[in-house]
Amino acid sequence: MGEEHERRLGALARLVADNGADALLVTRLINVRYLTGLDSSNAAVLVRADGPAVLATDARYAGMAAELCPGLDLVVERRAAAALLGIAADGGAGRVGFEAHALTVERHAELAALDGGVAFAPLGRLVEELRYVKDETEIALIAEACAITDRAFDAVLPALRPGTTEREIAIALERAMIDQGADEIAFPSIVASGPNGAVPHHHPGARPIAAGDLVTMDFGARYRGYNADMTRTVAIGEPAAWQREIYDLVLRAQLAAVAAAVPGTDVQAVDGAAREVIAAAGHGDAFAHGVGHGIGLEVHEAPLMGYDGTGKLKDRVPVTAEPGVYLAGRGGVRIEDTLVAREDGPERLTRTTKELLVL
């Protein structure tokens, strides 16, 4: 277990104590990975307010857990959460918190019914609070995922020509990300051509790209657990006046959102910076989603930056900025970067040009 995991466990233990609990049972797998480095399909961590943390997993991951987390007490048990709750009870814990957002009603009932005299209580999203601000090691991993994504885009540009289908482009992007060093793709790639570009989350299909199309590609690489997210829209042949108009509009809106993404800014204000530009041009109804979201071990994590978002950006919070304009039956444009809020100004991690590429 690295020093960063020790720091995270220590910080979480303090939050547990501040919330009046003796321990927290962490069952959300992405949070287990954040705290310990262990990536598995069955694991849990008991984080005590005063005492060593305990990791539980089954025999499939025992060797990996022992190698990754030599400083943690390890329990090898298929019923990982139940085993840890028993350890908490045996240790005299009176109040053990759980992740209500991650525990099903059925699973909660099973754990709460265990005989041990422990008060089992929801304790909020304490691990997510820690995950909100990234350390420089995490930011470096996100930056590498973004660099891989940039290189994959460059590699696929020659394939963007009339006759190639959306699905073929999506497969080429995903293959290129792996070839460029990704461990896997961050999410299924979106490729939307022509009128399909009016659907923000269009599933790439058999439609061949045609001359005169705008093609929107939303994709990202995952590297050592951390994700990238980038969207670029290109023109196949000389764009029509309306296509260039909405492209330039979305670019202005995107640049406004990027400029607003600084520590201390309310997330609604970041969304508003882009939304005001688009609304002023008469296309407010054509931008129906939030301007961005946090990114890290998950593609979508706090903060969610929309008109109903809550909270303020802090230093070292990676987010996306991805406004779009979608015109039904005609097409659309979305431009997205992954960036980091910094005290000295936003740091853009996806660096592919945002000028309209005419192919």
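The charged end of Arg330 sits over the ring of Trp242, at 4.2 Å from its centre. Arg275 likewise lies over the face of Phe287, 4.2 Å from the ring centre. A charge counts as sitting over a ring if NZ of Lys or CZ of Arg is within 6 Å of the ring centre and within 35 degrees of the ring normal.

The model is predicted: local features need pLDDT of at least 70, side-chain atom pairs count only at pLDDT 80 or more, and totals for chains, interfaces and linings use all residues. Residues are numbered from 1 along each chain as its sequence is written, and side-chain values use heavy atoms, with hydrogens and water left out.

**Aromatic pairs**

The structure holds two aromatic pairs. Rings of Phe, Tyr and Trp (its six-membered ring) pair if their centres lie within 6.5 Å; planes under 30 degrees apart count as stacked, over 60 as edge-to-face and the rest as tilted.

| Pair | Centre to centre | Angle between planes | Class |
|---|---|---|---|
| Phe98 and Phe120 | 4.7 Å | 40° | tilted |
| Phe153 and Phe219 | 6.3 Å | 15° | stacked |

Phe98 belongs to strand E5 and Phe120 to strand E6, so their pair ties together parts that are 22 residues apart in sequence. Phe153 in helix H7 (residues 136–156) and Phe219 in strand E9 (residues 214–219) are 66 residues apart, and their pair links distant parts of the chain. Helices (H or I, at least four residues) and strands (E, at least two) are DSSP runs, numbered from the N terminus. Phe98 and Phe120 are buried, as are Phe153 and Phe219; buried means under 20% relative accessible area, exposed over 50%, and partly exposed in between (1.4 Å probe, protein chains only).

**Sheets**

Six strands form an open sheet of mixed pairing in the order E4-E3-E2-E1-E5-E6. Its edge strands, E4 (73–76) and E6 (119–122), each pair on one side only. Two strands pair if DSSP finds at least two bridges between them. Strand E1 (residues 23–26) and E5 pair in the parallel sense over three bridges, and Leu24 has Gly97 in E5 as its bridge partner.

A second open sheet has three strands, in the order E7-E10-E11, with antiparallel pairing. Two bridges join E7 to strand E10 (residues 221–223), where Ile185 stands opposite Ala221.

Ala102 lies in the loop between strand E5 (95–98) and helix H5 (105–112). Ala102 is partly exposed, with a relative accessible area of 29%. Beyond its neighbours within four places in sequence, Ala102 is in contact (heavy atoms within 4.5 Å) with Thr27 and Arg28.
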